[in-house]
Amino acid sequence: MSQQSLFTANAYLPQGWTKNVRLHWNVTGALTDIEIGVQVRAGETQAEFVLPGMTNLHSHAFQRAMAGMTEMAGESKDSFWTWRDLMYRYALHITPEQIQAIAAQLYMECLRQGYTSVCEFHYLHRAIDGSWYARPAEMAQRVIGAATQTGIGITMLPVLYSYADFNAQALRDDQRRFKTSVDDILRLVENLDAERSAQVEIGVAPHSLRAAGIEQICEVHAALPAQRPLHIHIAEQTKEVDACLAATGKRPVELLLETGLVDQRWCLVHATHLTKAEVQGIAASGAVAGICTTTEGNLGDGFFDLPDYIAAGGRFGIGSDSHVSQSPVEELRWLEYGQRLRLQGRNIASSATQRQVGDFLWQHALQGGAQASGRQVGQLASGYRADMLILDDQHPNLAGLASSAVLNTWIFAGNDNLVRDVYVAGKRVVQDGRHVAQKEIQQAYVDCMRSLRAL
C-alpha cells in the first residue's frame with residue numbers, strides 16, 4: 001500500500017507553524033485529516049519542516065528555452081519591446097514535441113524549487129505556418145502532458161490574442177501562431193474541458209487590452225463557465241499605459257475595472273504602473289495581482305506598489321513568467337528587496353499582525369496563487385491537495401533552527417536550494433533534491449535545444 005500519511009515535527013498550517021502534526025491524504029491526492037499534538041509512530045515517514053507547495057501563477061513555458069539568450073546589448077536602447085521581437089522569432093520554430101520537452105524541463109525545475117502548481121498563460125496555439133493543427137488544442141494538450149509527466153498541478157489558460165495593439169491593429173506576421181478570436185478561444189476551452197480533473201483546471205486569459213478588445217473580453221467572460229479563472233497582462237510597461245490613454249482616454253487598469261467584471265476570479269498580471277486609485281480598485285475587487293519580480297527586473301518593467309497595496313488589503317501571488325528563474329524564494333526575495341531599494345527602507349512586506357517578512361510573503365503568495373489557480377491548493381488543510389514541501393533540516397542554514405525563523409532564513413539567507421522532498425497530490429515527485437524522472441526529462445530537453453539552436 002502506498003504512503004498516505006506523514007508525521008512532521010513542524011507543519012506550516014493556515015494558523016502558522018504547528019508542532020507534532022500528522023497529515024493524512026486519500027488515493028485521489030486530497031488531504032483528509034490533520035492531527036495536531038501527536039507522537040511519531042515507529043517506522044512511519046517523518047520530517048522536521050513541512051510547508052504547502054507554492055503556486056506559480058504566471059508561466060509562458062516555451063520561454064524557458066530562451067532564458068539567458070537575450071542578455072546582449074543592441075545598437076539602440078534595449079527594452080521589453082526589443083526583447084519581445086526576439087521572443088517572437090524564437091516562438092515561430094517550436095513544434096508540439098518540443099514544447100512538451102521544454103515545459104517538462106521547466107516544470108521539473110519548478111517542482112525542485114518548491115512550486116507544486118502552475119498557471120500556464122498559453123498563447124502558442126497555431127502551427128508554424130499560422131494554420132490550425134488537426135487537433136486545435138494540440139499545443140495546450142502537449143503542455144498539459146508535460147504537467148502530467150512531471151506531476152505538477154496546472155491551470156491551463158488559453159490566450160485570446162486578436163490584435164497587435166490598441167485600435168484593433170492587425171497582427172503582425174510574426175504573431176501568426178498566437179492569433180485567436182472569441183470563437184477560437186471558446187472552442188479551445190471546450191476541447192480542453194475533457195482534461196479537467198483535481199490536477200487540471202481550464203480557464204481563459206485575454207492577453208492584454210492591447211491584444212483583446214473590451215467587447216471581446218466581456219463576451220468571453222459571459223460565455224466562460226462560472227468560477228473558472230481569468231488572467232490578463234496589464235499595465236506592465238509605461239508605453240502600454242500611454243498607448244491606452246491615447247486610444248481610450250483611460251489607463252489600462254482603470255478601463256478594465258470600469259467594466260464591472262473584475263472580481264475574485266481574476267488575476268491581473270504585473271499591474272506595475274498604477275495610480276493610487278487603481279491600487280485601491282484592484283484591492284477592492286478581490287482580484288489577485290500577479291507579481292513576477294525576476295521577469296519584471298529582467299525586462300526593466302518597474303516596481304509594483306506593494307506597501308499601498310498591502311495597506312488596502314490587496315491579494316497577490318508570484319509567477320516566474322519568462323523563467324529566467326524558477327525559484328519562489330528568488331521571486332519573494334526580490335519582491336521585498338525591490339521595495340527596499342525603491343523606498344530606502346527595510347522589512348516592507350509585513351503587517352501589525354505578521355511582522356516576520358518571510359512568513360508574510362509566503363502566506364500571502366500561497367493564498368493569492370491558490371485563488372488565481374482556481375484549484376484547492378495552498379493550504380495544509382482537509383479537502384485541499386496534498387501538495388507539500390519538506391525542507392532539508394540537515395542543511396547548516398536550518399539545522400537546529402526554531403520553526404519561527406525558518407521562512408526568514410530560507411528566503412533571505414544564502415542561495416542553496418533547501419527543498420529536499422516534494423509531494424504533489426500525495427505522490428513524492430522530488431526526493432533528496434532530484435525529480436523522480438529527472439534524467440529522462442533532461443535528456444529530452446537537451447535533444448530539443450540542440451535542434452532549436454541549430455536553426
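Among contacts in the chain between residues at least 6 apart in sequence, what percentage join residues at least 24 apart? The share is 73%. This is a predicted model. Its chain holds 14 helices and 17 strands. The chain has 455 residues, and 59% of them count as buried.

**Overall shape and surface**

- The radius of gyration of the chain is 21 Å. A compact globule with 455 residues would have a value near 23 Å, so the chain agrees with that picture.
- The C-alpha trace spans about 65 × 45 × 45 Å along its principal axes.
- About 17600 Å² of the chain is accessible surface. Carbon and sulfur atoms account for 49% of that area.

**Charge**

**Nonpolar cores**

- In soluble globular proteins, nonpolar side chains tend to be buried together.
- Here, the largest nonpolar core has 124 residues.
- Helix α2, residues 96–113, gives this core its largest share, with 10 residues.
- Six residues have the most contacts inside the core: Y107, W266, L268, F316, W362 and W410.
- A second, separate core has 15 residues, among them V21, W25, I34 and M388.

**Two residues with positive phi**

- Most residues other than glycine have a negative phi. Two exceptions follow.
- Q344 has a phi near 55°, a positive value in a residue other than glycine. Q344 sits in the loop between α11 (328–343) and α12 (357–373).
- Is Q344 buried or exposed? Q344 counts as exposed because its relative accessibility is 74%, and the cut-off for exposed is over 50%.
- A425 has a phi near 50°, again positive in a residue other than glycine. The loop between β15 (419–424) and β16 (427–431) holds A425.
- Is A425 buried or exposed? A425 is buried because its relative accessible area is 12%, and buried means under 20%.
- Both residues lie in loops, Q344 between two helices and A425 between two strands. Q344 is exposed, whereas A425 is buried.

Technical notes. Residues are numbered from 1 along each chain as its sequence is written. This is a predicted model: local features need pLDDT of at least 70, side-chain atom pairs count only at pLDDT 80 or more; totals for chains, interfaces and linings use all residues. Side-chain values use heavy atoms; hydrogens and water are left out. Helices (H or I, at least four residues) and strands (E, at least two) are DSSP runs, numbered from the N terminus. Buried means under 20% relative accessible area, exposed over 50%, partly exposed in between (1.4 Å probe, protein chains only). The radius of gyration is taken over C-alpha atoms; the globule rule is 2.2 Å times the number of residues to the power 0.38. Contact means heavy atoms within 4.5 Å. Accessible areas come from the Shrake-Rupley method with a 1.4 Å probe; for residues, only the protein chains shown count as cover. A nonpolar core is a set of buried Ala, Val, Leu, Ile, Met, Phe, Trp, Tyr and Cys residues joined through side-chain atoms within 4.5 Å.
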